[in-house]
Amino acid sequence: MSLDTKIGIDTPFLLAHAMLEHRDHARAVTIMDKLLEEQTLFALCPTVLDEFLHVATDPKRFEAPVKMATALNIAGNWINSRETVLVMPTEASWRLQHQWMSDHRLGRKRINDSGIASIYYHRGIRRLLTGNPRDFKVLGCFDIMNISEE
């Protein structure tokens, strides 16, 4: 199988796909099935997985949060999937993140988003799958697939 299309996964997509009570769950599953059919390769960075673990286990965000062991299992399935490529931050991606934060006057609530974007951008990934396109539109360099509009 040739996996030649890459798309960066953002935390809102990962949460929608994994959490049954998420309003976009069914849509996320449908989108995932379509992308897999198209032989898409998914990129994941550590920040997305960390955010997923934090939010999926938070009883303030979900009526039925998952236990940490379950969240780790879900993350592990993504990490070990043959369709997933793990991409790590580099010195260059950190510099880009700080430059973007300065150039676009991003505040503290955008630290992780700009970090995720800089890691993907530095690794040549220009497509993002998210439920919060506004987090990335300001950067003007990504093709954004919004699960809330599909």
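Trainee: In which loop does Gln-39 lie?

Mentor: Gln-39 is in the loop between α2 and β2; helices (H or I, at least four residues) and strands (E, at least two) are DSSP runs, numbered from the N terminus. This is a predicted model, where local features need pLDDT of at least 70, side-chain atom pairs count only at pLDDT 80 or more, and totals for chains, interfaces and linings use all residues. Residues are numbered from 1 along each chain as its sequence is written, and side-chain values use heavy atoms, leaving out hydrogens and water.

Trainee: What is the phi of Gln-39?

Mentor: Its phi is near 60°, a positive value in a residue other than glycine. Arg-105, in the loop between α5 (91-103) and α6, likewise has a positive phi, of about 50°.

Trainee: Why does Gln-39 count as partly exposed?

Mentor: Buried means under 20% relative accessible area, exposed over 50%, and partly exposed in between (1.4 Å probe, protein chains only). Gln-39 is partly exposed because its relative accessibility is 29%, whereas Arg-105, at 78%, is exposed.

Trainee: Which residues touch the most other members of the largest nonpolar core?

Mentor: In soluble globular proteins, nonpolar side chains tend to be buried together. A nonpolar core is a set of buried Ala, Val, Leu, Ile, Met, Phe, Trp, Tyr and Cys residues joined through side-chain atoms within 4.5 Å. Here the largest has 41 residues, and Ile-9, Trp-78, Tyr-120 and Leu-129 touch the most other members. The greatest contribution to this core, six residues, comes from α3.
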